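Look at the model below and follow the text through it, one part at a time.

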Amino acid sequence: MRVQKVSWLLFFCLLLISIPCMSPAADKATDHSDNPPSSETRVLNDTHGNETGHAGDKSHGHGGDAHGHVDLGKELPLLACIPFACMLLSIAFLPLIAGNIWHHHFGKISFFWAASFAIPFIYVYKGIAIHEILHIILADYVPFIILLWALFTISGGILLKGTLRGTPIVNTGIILVGTLLASWMGTTGAAMLMIRPFLRANAHRKNKTFMVVFFIFLVANIGGSLTPLGDPPLFLGFLQGVSFFWTLNILNHMLFVSTFLIIIYFLLDSYYYKKEKTVPPDDGEKQPLRIVGVYNFIFLGGVVGAVLFSGLANLGEVTTFGIHRAAQDWIRDITLIFLGIASLYFTPTELREQNEFSWFPIIEVGYLFIGIFITMIPCLLLLKSGPEGAFAFLINAVQTPTQYFWVTGILSAFLDNAPTYLTFFNTALGSFYSDISDTQAVPLLMTENAIYLQAISTGAVFFGACSYIGNAPNFMVRSIAAESGVDMPSFFGYILKYAIVFLIPPFILVTFIFF
């Protein structure tokens with residue numbers, strides 16, 4: 001009953017957010033062939049929740065719109081990013097030096113850093129600042145948390161029963177299956193589906209931290225490279241005119257990095273398995289594997305369908321508190337809520353209890369990411385201003401495929417990878433095809449200068465594995481694993497002990513081989 005009550009409360013709260021002040025906006029022309037992507041882009045984010053406008057929509061709080069807004073990205077100094085840095089430092093160090101305080105007050109700490117940016121921001125820029133904050137909440141954060149909640153809830157109703165022991169071969173197989181699924185059901189969907197069976201299979205193992213880290217590397221990130229459904233930047237490229245199966249052009253990049261990491265994982269797991277000499281618990285007669293709650297796969301399919309629908313349909317716009325969003329995006333969000341509630345209704349409570357399901361991971365992500373999203377506003381504004389903002393020194397320096405790969409990647413590891421992808425996608429279009437329309441330019445970028453698009457795509461997807469906030473499922477997996485008793489590394493511990501050690505070498509090899 002408690003599960004249902006929490007879900008209904010969430011449902012009605014989200015409706016209260018979406019219904020007031022809604023009015024159909026004037027339909028814009030559907031032919032955007034003469035407009036640059038940065039002015040009419042509809043962004044669907046699977047991971048950091050980017051929606052309409054925060055991919056560079058100049059009609060939403062940027063220069064020359066109907067509200068007379070100035071381009072804040074041209075005015076804000078780099079110092080405006082300090083609260084974002086402090087938010088990340090809090091996530092990194094407070095669990096280590098003040099664990100009890102952090103555990104009980106992380107929501108308040110997140111709110112504090114959000115307010116430390118929002119209050120002076122609103123004081124200086126008044127209505128423009130309010131518009132930007134409302135935009136990132138309604139168009140970015142709300143869809144982000146709804147998608148995560150739906151996938152978390154539905155996958156929590158799928159239970160793998162039977163005897164499954166975490167040997168190196170079994171673990172490698174689970175990660176490999178999750179990696180393959182990620183491109184077709186999204187990295188978040190694959191990660192939420194596979195993480196609980198993976199953790200249960202290894203409940204008897206002593207060294208589990210590296211297992212979850214490699215799971216994040218492969219299932220939650222790199223596995224989503226092959227289709228636009230896999231990761232938000234690729235879906236954004238699809239919306240910009242990149243053909244659905246063009247992403248198979250980075251198949252070799254994905255296979256190289258995945259193979260490299262899977263081999264390293266198998267060697268590490270084999271080493272620790274022999275070192276631990278752990279005897280699996282005797283559960284009696286070996287039971288065959290079977291899946292309980294199979295009907296939840298229907299709901300998962302509904303999630304994938306709703307996401308794809310929102311990217312393909314064009315039903316006009318809806319205005320909520322002055323924020324313009326595509327009508328199909330609202331339809332998608334409401335559909336996801338109903339799919340999550342349907343899963344709760346049809347899935348017995350006992351099944352979720354056997355699955356060790358709890359709401360804490362999604363609550364933790366919800367509290368922390370509202371602070372991350374709000375404090376990230378100046379970083380995104382500076383990034384979207386391109387050569388006219390404080391990041392001009394960085395954007396102007398990007399010329400070669402190698403530079404596109406690394407700069408897009410490093411920014412994607414800490415900022416939102418969808419607007420980062422869009423920024424350098426537009427930079428490449430402007431560099432090569434400034435004198436023709438985008439409708440003509442995108443196919444040429446896909447063919448004549450495909451190596452640049454490959455560099456942007458792989459950088460945005462691969463580097464999402466480099467930090468807990470690089471991609472939506474990373475922090476969710478970390479939270480679920482920590483609640484299951486896995487000693488997960490801190491924010492910087494993850495980067496220094498694992499990302500730099502295991503990810504940067506294959507990325508360097510990718511640079512030499514492909515770029």
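At what angle do helix 7 and helix 11 pack, and how far apart are their axes? This is a predicted model, in which local features need pLDDT of at least 70 and side-chain atom pairs count only at pLDDT 80 or more, while totals for chains, interfaces and linings use all residues. Residues are numbered from 1 along each chain as its sequence is written, and side-chain values use heavy atoms, with hydrogens and water left out.

Helix 7 (residues 168–185) and helix 11 (residues 251–276) pack at an angle of about 155°, and their axes are 9 Å apart. Helices here are DSSP runs (H or I, at least four residues), numbered from the N terminus. Axes are lines fitted to C-alpha atoms over the stretch in contact, and angles run from 0 to 180 degrees between N-to-C directions. Helix 7 and helix 11 are therefore roughly antiparallel to each other; angles under 35 degrees count as roughly parallel, over 145 as roughly antiparallel, 65 to 115 as roughly perpendicular and the rest as oblique. The crossing of these two helices is right-handed, a term used if the near helix is turned clockwise from the far one by less than a right angle. The contact (heavy atoms within 4.5 Å) includes Ile-169, Ile-175 and Leu-176 of helix 7 and Met-254, Ile-262 and Asp-269 of helix 11. By class, this contact has nine nonpolar, five polar and one charged residues. Ala, Val, Leu, Ile, Met, Phe, Trp, Tyr, Cys and Pro count as nonpolar, Asp, Glu, Lys and Arg as charged, and the others, Gly among them, as polar.

The axes of helix 12 (residues 296–312) and helix 13 (residues 327–346) come within 9 Å and cross at roughly 175°, so helix 12 and helix 13 are roughly antiparallel. Among the residues that meet are Phe-299 and Val-303 in helix 12 and Ile-331 and Leu-339 in helix 13. Ten nonpolar, six polar and two charged residues make up the contact of helix 12 with helix 13.

Helix 15 (residues 360–375) and helix 22 (residues 472–483) pack at about 135°, with axes 9 Å apart. Helix 15 and helix 22 are therefore oblique to each other, and their crossing is right-handed. Phe-360 and Leu-368 are among the residues of helix 15 in this contact, and Phe-475 and Ile-480 among those of helix 22. The contact of helix 15 with helix 22 has nine nonpolar, one polar and three charged residues.

Next comes the interior. Phe-121 touches Ile-377 and Leu-381, among others.

Ile-377 and Leu-381 are two of the buried residues of helix 16. Seven of the eight residues of helix 16 (residues 377–384) are buried, meaning under 20% relative accessible area with a 1.4 Å probe, protein chains only. After helix 16 comes Gly-386, with a positive phi near 60°.

Note on methods. Buried < 20%, exposed > 50% of the residue type's maximum accessible area, 1.4 Å probe, protein only. Lists of a residue's contacts leave out its neighbours within four places in sequence.
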